[in-house]
Amino acid sequence: MINKVLIANRGEIAARVIRTCKKMGIQTIAVYSEADQKAPFVALADESYLLGPPRVNESYLNTDKILQIAKRADVDAIHPGYGFLSENAVFAQKCRDEGFIFIGPASEIMQKMGSKIAARKTMQQAGVPVVPGTEGGVASVEEALQIAKGIGYPIMLKASAGGGGIGMQVVQSDAELAKAFASNSKRAENFFGDGAMFMEKKLEHARHVEIQILADNDGNAVHLFERECSIQRRNQKVVEEAPSPFISEKTRKKMGETAVKAAKAIGYTNAGTIEFLVDENENFYFLEMNTRIQVEHAITEEITGLDIVEEQLNIANGKALTIDQDTLTIKGHAIEVRIYAEDPVTFYPSPGHITTMQAPTGDHIRNELAVTSDYDVTPFYDPMIGKLIVTGETRQEAISGLKTALESYHIDGIKTNIPMLKAVIDHDQFKAGNTTTAFVQEYYLPMIKTN
Ligand code: MV4
């Protein structure tokens, strides 16, 4: 029985997990670095422990320190949030070996999904369509060039251990592929200790549509519909919405059922997300599986009325799901925008001192914030400082509510991407639902160049 949880994370997600724990009467332990002494999540927890200096290896990635604190604070469970240690199978196993409940799936499954080559194989075996591409890994440039003849350009060269776009590159020709192969493999080796590469056909004007699933330890699994997250810059999502403005009810059902089938086939437990690319004809192809709670989980909560963190805690407690797929429905529309401390033109992080932070409020507005007024955004971590989630009966209502909310959002002292967010949601192509993976390239970048 979980009575005390350590949140091995920071920022808005730490605050978010604490909120649900409080609702459920669960004690919370925060861990924080020297750079986060004044962060809201530290004050929100029942107890908080200093990890050490800002550098992630000495703080949020320091598994020994985190486990030491978990023992000292006598917690039952560890919630990893997203990023940091959330998809680290070794850490999940260590937690369990030390007698803690790791809030996530079995470490074997995390490991399998962490390797994109293995995940592709596993999903194919489970009857899930994958993006056309290599059978397994590609060992050499020579092999890559040979296989490229069969796939045809453009090709997405990807690192098996990749994440955040590291080791990933679009290549248009043999010459580009030959040049890109070694450098991307080396980069992946440096970042993840694994330089294994694979290739996929690059799907143009596709959409990134992901299915949220929940699976318990009794073999029950449900899907909570989709999120469309095609609008990204520098391999980070910027705008996410649920439901997708594009897919039909028939495709939605088929994708949901496929995701549930896949989750069951691999013996998945806890919350997870299966990412797909959807082409113009609504064919969908498996991309990867995320074995953590995601940044954009809030929009799914808004359209289903569920609390995904609560579901995670119940599953981790060994409880059976009480949600029935047939009674789940989508209510309205939700859009999330991520507020980053960054330059809206260069997309580079822009840390500094926030003098005033005033997020909009209202019936259809939800804020998930990492910062307050009079707060230093440091350069040590991801520059996301908050999320703004706006709901409406319809997509149009959500967009118009979001526009108003963004207009009254005040952050002084640092640069943010709010001008970008306003431009995106005010764009005719966005309003028309043309939210493909090419959106930023084709619509946003040209817009800022002419201004
Ligand atoms: C792709 C793709 C097109 N074709 N793979 C980006 C993040 C990672 N999780 C998967 N991603 C993609 N993989 C193939 N074979 C398109 C994306 C993609 C994307 C690419 C460029 C610009 C924005 C994008 C947004 C979402 C997904």
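**Exercise 1.** Is Glu200 buried or exposed, and what is its relative accessible area?

*Solution.* Keep in mind that we're working with a predicted model. Start with the cut-off: a residue is buried if its relative accessible area is under 20%. Glu200 has a value of 1%, so it's buried.

**Exercise 2.** Find the salt-bridge partner of Glu200 and work out which parts of the chain the pair ties together.

*Solution.* Step one: look at the side chain of Glu200, and you'll see it meets that of Arg120 in a salt bridge, with 3.3 Å from N to O. Glu200 sits in strand β8 (residues 197–201) and Arg120 in helix α6 (residues 116–125), so the bridge ties together parts that are 80 residues apart in sequence. Step three: check the partner's surroundings. Arg120 comes out at 3% relative accessibility, so Arg120 counts as buried.

**Exercise 3.** Now try Arg19: describe its salt bridge with Glu368 and say how accessible each partner is.

*Solution.* First, the distance: the closest N and O atoms of Arg19 and Glu368 are 2.7 Å apart. Next, the location: Arg19 belongs to helix α1 (residues 11–23) and Glu368 to strand β17 (residues 365–369), so this pair ties together parts 349 residues apart in sequence. Then accessibility: Arg19, at 41%, is partly exposed, whereas Glu368, at 3%, is buried.

**Exercise 4.** Look at the side chains of Glu296 and Arg338, then step back to the salt bridges of the whole structure.

*Solution.* Glu296 and Arg338 form a salt bridge of 3.0 Å, N to O. Glu296 is in the loop between β13 (284–290) and α10 (297–304), while Arg338 is in strand β14 (residues 333–340), 42 residues away. Both residues are buried. Stepping back, some salt bridges share partners and join residues into one network, including Arg16, Arg19, Glu310 and Glu368. A search of the whole structure gives 34 salt bridges.

**Exercise 5.** Which strands pair with β11, and how is β11 covered?

*Solution.* Begin with β11 itself (residues 236–242): six of its seven residues are buried, making the strand mostly covered.

Methods
Residues numbered from 1 in each chain as written. Predicted model: local features only at pLDDT ≥ 70, side-chain atom pairs only at ≥ 80, totals over all residues. Heavy atoms only, no water. Salt bridge = Lys/Arg side-chain N within 4 Å of Asp/Glu carboxyl O. Helix = DSSP H or I, 4+ residues; strand = E, 2+ residues; numbered from the N terminus. Buried < 20%, exposed > 50% of the residue type's maximum accessible area, 1.4 Å probe, protein only.
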